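Hello,

Here is the structure I promised to pass on to you. Please open it next to this email, and I will walk you through what turned up.

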Amino acid sequence: MKEEREMLRATDKITALYCRLSQEDALAGDSNSIVNQKNILLQYTKDNCFPNPTFFANDGYSGTTFDRPGFQKMLNEIESGNVAVCITKDLSRLGRNSAMTVLYTNITFLKHGARYIVINDNFDTSDQNSMGIDMASIKNWINELYARDTSRKIRVVNKSKGSRGIPLTTNVPYGYMKNPDDPTRWLVDEEAAIVVKYTFKMAIEGRGWAEPDCNAADQGQGTYSNSL
């Protein structure tokens with residue numbers, strides 16, 4: 001009876017299929033798209049008869065941090081004992097922080113009875129003698145180096161853009177407006193500039209946020225611009 005209860009409980013557990021796509025991955029093409037990952041994971045699940053496949057996904061999240069809604073939701077299911085198997089397309093989909101990735105795959109997942117499989121990297125925690133297990137540490141390290149190198153390149157590009165006066169954000173700050181003839185350039189919003197200039201003037205004079213300028217407020221907006 002005990003064995004039967006354990007078997008029934010095992011079939012109630014889910015097969016967690018985790019997908020992740022960062023902004024950098026999206027630029028590389030469709031090979032790592034969420035749709036492509038889901039198709040690969042679902043086909044693998046069907047081919048190997050894993051029950052109750054359930055998707056957890058993060059779109060637009062870096063692998064260097066594990067503070068991702070989809071991953072945290074899956075982790076909660078694992079720690080609650082509701083996951084029999086967790087599957088990803090490759091190790092980098094789970095994360096690009098080598099230390100944290102090893103912590104989750106080799107300790108947390110196993111502690112809560114969740115088997116972890118990586119399709120492309122031939123990694124399966126149920127077979128500790130496989131070549132994939134031996135290569136995992138090297139691949140995790142390479143994945144982390146890739147993330148660091150990408151971050152370094154992005155900083156160089158942003159620095160180059162900034163030195164040429166090209167905006168680095170899509171949202172235009174208060175006081176400016178997008179140039180209708182060139183979206184990569186900003187124009188001064190003359191109406192909002194009055195408020196911005198007056199705010200800076202008060203800051204230079206040593207006035208704080210809790211110190212309203214009642215006299216200036218009574219004079220009207222036109223007086224602000226004339227006094228600048």
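Let me begin with a lysine. Lys13 has a relative accessible area of 15%, so it counts as buried, the cut-off being under 20%. You will find Lys13 in the loop between α1 (2-12) and β1. Leaving out residues up to four places away in sequence, Lys13 touches Pro51, Asn52, Gly81, Asn82, Val83 and Ala84. Please keep in mind as you look around that this is a predicted model.

Next, the sheet. Its five strands form an open sheet in the order β2-β1-β3-β4-β5, and the pairing is mixed. At the edges are β2 (53-59) and β5 (123-124), each of which pairs on one side only. Further in, β1 and β3 run parallel and are joined by four bridges. Helix α3 (residues 34-47) lies across β1, β2, β3 and β4, and it runs at about 155 degrees to β1.

The largest nonpolar core holds 19 residues, and Phe71, Met74, Leu94, Phe109 and Tyr116 are the ones with the most contacts inside it. At least two residues of this core come from each of β1 (14-21), α4 (69-79), β3 (83-88), α5 (91-94), α6 (98-111) and β4 (115-118). The most is given by α4, which supplies four residues. Apart from this core lies another, of nine residues, including Leu17, Cys19, Val85 and Ile117.

Phe109 deserves a visit of its own. Which residues is Phe109 in contact with, once neighbours within four places in sequence are left aside? They are Phe71, Met74, Leu75, Ile78, Cys86, Leu94, Tyr104, Ala114 and Tyr116. Phe109 counts as buried because its relative accessibility is 0%. Tyr116 is buried too, because its relative accessibility is 0%.

That brings me to the aromatic rings. Two values describe a pair of aromatic rings: the distance of the centres and the angle of the planes. The count here comes to nine aromatic pairs. One of them is the tilted pair of Phe66 and Tyr104, at 5.0 Å centre to centre with 50 degrees between the planes. This pair links distant parts of the chain, since Phe66 sits in the loop between β2 and α4 while Tyr104 belongs to helix α6, 38 residues apart. Phe66 and Tyr104 are both buried. Phe109 and Tyr116 make an edge-to-face pair, 5.7 Å centre to centre and with 80 degrees between the planes. Ring pairs also link Tyr18, Phe66, Phe71, Tyr104, Phe109, Tyr116 and Phe123 into a cluster.

One last stop, further along the chain. Helix α8 (residues 190-204) has 15 residues, and from its first C-alpha to its last it reaches 21 Å, close to the 21 Å expected at 1.5 Å a residue. Within α8, Ala192, Ala193 and Tyr198 are buried. Just after this helix, Gly206 takes a positive phi of about 90 degrees.

Enjoy exploring, and write back whenever you like.

Best wishes

Terms used
Residues are numbered from 1 along each chain as its sequence is written. This is a predicted model: local features need pLDDT of at least 70, side-chain atom pairs count only at pLDDT 80 or more; totals for chains, interfaces and linings use all residues. Side-chain values use heavy atoms; hydrogens and water are left out. The expected span of a helix is 1.5 Å times one less than its number of residues. Buried means under 20% relative accessible area, exposed over 50%, partly exposed in between (1.4 Å probe, protein chains only). A nonpolar core is a set of buried Ala, Val, Leu, Ile, Met, Phe, Trp, Tyr and Cys residues joined through side-chain atoms within 4.5 Å. Contact means heavy atoms within 4.5 Å. Two strands pair if DSSP finds at least two bridges between them. Axes are lines fitted to C-alpha atoms, for helices over the stretch in contact, and angles run from 0 to 180 degrees between N-to-C directions. Rings of Phe, Tyr and Trp (its six-membered ring) pair if their centres lie within 6.5 Å; planes under 30 degrees apart count as stacked, over 60 as edge-to-face and the rest as tilted.
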